[in-house]
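Me: I would like to go through a structure and ask what stands behind each label. Please set each value against its cut-off and then conclude.

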Amino acid sequence: MQTTVNEPATDNRRINWLKYASPQTFYPLAGKMIPWFSWAAVVLTAIGLYISFFLAPTDAQQGEGYRIIFLHVPTAWLSMFLYVLMAVYAGLGLTLNTRLSYMMATAIAPTGALFTFLALVTGSFWGKPMWGVWWVWDARLTSELLLLFLYIGYISLQSSIDDVQRANRSSAVFALVGVINIPVIYFSVRWWNTLHQGASVSMTKSPSMAATMLIGMLVMALGLWMYSIAVILMRARSVILEQERRSEWVNSIEERA
Amino acid sequence: MGNMLEAINLQCTRGERLLFKDVSFALHGGDLLHLNGANGSGKTSLLRTLCGLSRLQGGSILWRGENIQDLREDYCAQVVYIGHQAGVKDDLTTTENLCFSSALAGVPISQDQANAALSMVGLEDYVDRPARALSQGQKRRVALARLWVSRSPLWILDEPFTALDKKASALLKERIESFLAGIGMVILTTHQEIDINARSIQHVRLDA
Amino acid sequence: MIRPDLNNLTNPDNLQMSQLSTAVPNTDFTETGSQLWLALYRLFQRDLRIALRRRSDAAAVLFFFVISSSLFPLGIGAEPQLLRAIAPGVLWVTALLSCMLSLGRLFAADNADGTLEQLLISPQPLVLIVLVKTIAHWVISGLPLVLIAPLIGLQFNMPAQELAILALSLLLGTPALSLVGSVGAALTLGVRGGGVLVALLVLPLYVPVLVFGAGAVTASASGMGADAGLSLLGATLLISTVFAPYAAAAALRISME
């Protein structure tokens, strides 16, 4: 390739972001990042667990069992954050038409669904000792349940369509429709809750938090976030391998392996 | 006079296979373009891309110098597309089908005009009969009847002569010829020999 | 360049060949705004006409509504107080499920015979086409539910005022269900497992309408007034009317590529 005399020297300080929008360059980059995030996840989660089990005070009303809130609240936060992130990638894919955006959205969905499921299960375990029931139809838990359905819908839609392009774009549209509806759904469920005052149990009224508890939750959230980044990057790599399997660079990797 | 329709470096990939690439052509009023290629070579995909049904996978399509993706409905008003599917509702009569297609295209017609057009394709006995009673070939003829009432300057026809008997084929050929003479443009695919008189005939062949 | 004579085309007395468009094609296509409304009206008329000629399709949806709501007393018990308490919820849920079942008829038939293709490449804006088709679909499948529901409500021992609120809530809610459902129908066009997949996608999005609608009737029954629920329903309907056709049109284009 001829370079012209007037071609300016590349500015080495600026990272060329667009370069990483190609699956081929993103693949090794992701591979390098995974160990860092994995270690960060292990460290932060260990600290978070230490705080939640040993440093946080025993709650006067709820005893020791309440400690599961240190898992419940961060997983709930992450489940919502990951859905929004997935919708952002879906939107990027639809507007910029980059394959990698769609691959990232595909990679996020199962982790997001997992965290939603964990939030529901830990919420259930929290409620049982306190109120004697396995499930409480309060606003937050019910919204989490519907969020899980939205994740499942996204994953099902994508796996039902054979053509990859159409699968990506259709599920991207669904993700965007879902993300716009989440506030509406949450609001409607809150309103529904106020209608049926019978349920006096509510998880939205959390106990007043000691500072330690909040820090513990934040650390756990951070740890789980590191974990999810690591897992998502791993999954993204395998999605890339699968969708780009016909290209040369993928085949050369497999030859080297 | 500039090009009316210009296709530049079109390409198409279906699934994993590259069907064709670097397909370019330009049409002026009165031109006939014959699209050729083996079965599965992407002829229908190319036609659908020219209509705006399928996404452009590379290159561009210009109508009077403007990108058809910018023109959207304005470009659609210029095109009549008759593909493999007849686009005929079984529960409506032939006349109702044609009246609706025409109204949808922005050219409302009366029942009598629809019937006149239907008789041009040899369906005068099936006027006002439910389309369910028609064979697949007859339904395609109902679709083709649109060519007698349309105002659009560009026709994109996917194997229009299929399932037409000699008489109907001759009528269609005549209609295409008079359309081309009146500076219309036609893009078509056909397995048969092109026997149509036109000011200029281009051939585009899609090879894998 | 000779312009074809517009007046002659619509003159029913002239049957001569010259009245057909053998004239010079119109390459100078000026705006035909009135043709837009005529085209949309004809589309609406066409869909209604087809539904009238195939009455069994719409009737099946109605029968499903009637039958499935009858299942609840059989499953739960027919004690009058109980029926009255569960009536708003039961009727709303079965109406919602009936709407969802009818979604299969929105685009699938047109897709099968090639008419949908023609709608996509017509000079009329796809968003308006989708809106008109959805309205026609509601008139065929949703409006009968609104009319029949009070009769079923009588079976559930609902008092007159509640029946009126129920009908009103369904009148506002079922069009919103059709509109939101059109997005799901468009996304799953031609996909295998379509019926269940549509349910998976659309039911979480239906929750706000269900909550507001059933909530309005319940609130009215318990003396709190149906205003809040009905206003929220109205707002949801407005928002759906504005946004859902865009999403559905985008989804249709993706599905048809």
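Me: In what order do the elements of chain C run from the N terminus on?

Reply: The elements of chain C run α-α-α-α-α-α-α-α-α-α. Helices are DSSP runs of H or I with at least four residues, strands are runs of E with at least two, and both are numbered from the N terminus. On that basis chain C has 10 helices and 0 strands. This is a predicted model, in which local features need pLDDT of at least 70, side-chain atom pairs count only at pLDDT 80 or more, and totals for chains, interfaces and linings use all residues. Residues are numbered from 1 along each chain as its sequence is written, while chains are lettered from A and ligands numbered from 1 in the order in which they are written.

Me: How do you know what confidence the pLDDT of chain A shows, and where does pLDDT stay under 50?

Reply: pLDDT is the predictor's confidence in each residue, from 0 to 100. Chain A has a mean of 82, and 83% of its residues reach 70 or more. Over residues 1-14 of chain A, pLDDT stays under 50, and the model has 0 contacts there beyond four places in sequence. Two residues are in contact if their C-beta atoms, placed from the backbone, lie within 7 Å. Where pLDDT is low, the predicted coordinates should not be read in detail.

Me: What makes up the contact of chain A with chain C, and how do its residues on the side of chain A divide by class?

Reply: The contact takes 23 residues from chain A and 24 residues from chain C. On the side of chain A, helix 4 (139-160) and helix 5 (164-195) each supply at least two residues, and the largest share, 14 residues, comes from helix 5. Ala, Val, Leu, Ile, Met, Phe, Trp, Tyr, Cys and Pro count as nonpolar, Asp, Glu, Lys and Arg as charged, and the others, Gly among them, as polar. By those classes the side of chain A has 15 nonpolar, 6 polar and 2 charged residues.

Me: Why is C:Leu101 called partly exposed?

Reply: A residue is buried if 20 or more other C-beta atoms, placed from the backbone, lie within 10 Å of its own, exposed if 12 or fewer, and partly exposed in between. C:Leu101 has 19 C-beta neighbours inside 10 Å, so it counts as partly exposed. C:Leu101 is found in helix 4 (residues 80-102) of chain C and touches C:Val61 and C:Phe64, not counting residues up to four places away in sequence. By the burial count, 50% of the 257 residues of chain C are buried.

Me: What makes the crossing of helix 3 of chain C and helix 7 of chain C right-handed, and how close do the axes come?

Reply: Axes are lines fitted to C-alpha atoms, for helices over the stretch in contact, and angles run from 0 to 180 degrees between N-to-C directions. The axes of helix 3 (residues 55-76) and helix 7 (residues 126-155) of chain C come within 9 Å and cross at roughly 30°. A crossing is right-handed if the near helix is turned clockwise from the far one by less than a right angle, and left-handed if anticlockwise. Helix 3 passes helix 7 in a right-handed crossing. Among the residues that meet are C:Phe65 and C:Val66 in helix 3 and C:Leu145 and C:Ile148 in helix 7. The contact has 10 nonpolar, 2 polar and no charged residues.

Me: How do you know that strand 1 of chain B and strand 2 of chain B pair?

Reply: Two strands pair if DSSP finds at least two bridges between them. Strand 1 (residues 5-14) and strand 2 (residues 17-27) of chain B have 7 bridges in the antiparallel sense, so they pair. B:Ala7 has B:Phe25 in strand 2 as its bridge partner. Strand 1 also pairs with strand 4 of chain B, antiparallel over 4 bridges, and B:Leu5 stands opposite B:Trp63 in strand 4.
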